[in-house]
Amino acid sequence: MPVIYKMDVLSKLKDAGYSTYRLRKDKLIGEAMIQKIREGKLCSWDTISTICELLHCQPGDIVAYQPPESGSDNKDK
């Protein structure tokens, strides 16, 4: 996936006082989005916005574009 997380989001949220239980209980982030974050899959922009608000950061602090390796380009096949 060309967009990756630059940090362990759930760990940073926990350090800020937002356990996954609290995120679900207070309806800040739903279970499906928490699971996507756990799996390293990109979550919705609404969720990234919520994370930015909770961690007082910018989207660029959370995600980054990682160009695919040249050998993994499917256009050559």
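Predicted model: local features only at pLDDT ≥ 70, side-chain atom pairs only at ≥ 80, totals over all residues.

Me: Is Thr50 buried or exposed?

Reply: Let's start with its place: Thr50 sits in helix α4. Its relative accessible area is 18%. Buried means under 20%, so Thr50 counts as buried.

Me: Which residues is Thr50 in contact with, leaving aside its neighbours within four places in sequence?

Reply: Contact here means heavy atoms within 4.5 Å. With the neighbours within four places in sequence set aside, the partners of Thr50 are Leu28 and Ile29.

Me: Where is Lys27 found, and what is its relative accessibility?

Reply: Lys27 belongs to the loop between α2 (20-25) and α3 (31-38). Its phi is positive, about 55°, although Lys27 is not a glycine. Exposed means over 50%, and Lys27 counts as exposed because its relative accessibility is 76%.

Me: Is His56 buried or exposed?

Reply: His56 lies in the loop between α4 (45-55) and α5 (59-62). Its phi is also a positive value, near 55°. The relative accessible area of His56 is 73% and the cut-off is over 50%, so His56 is exposed.

Me: Which residue forms a salt bridge with Arg24?

Reply: The structure holds five salt bridges. In the one made by Arg24, the closest N and O atoms are 3.1 Å apart. Arg24 itself is partly exposed, at 34%, and its partner, partly exposed at 36%, is Glu31.

Note on methods. Residues numbered from 1 in each chain as written. Heavy atoms only, no water. Helix = DSSP H or I, 4+ residues; strand = E, 2+ residues; numbered from the N terminus. Buried < 20%, exposed > 50% of the residue type's maximum accessible area, 1.4 Å probe, protein only. Salt bridge = Lys/Arg side-chain N within 4 Å of Asp/Glu carboxyl O.
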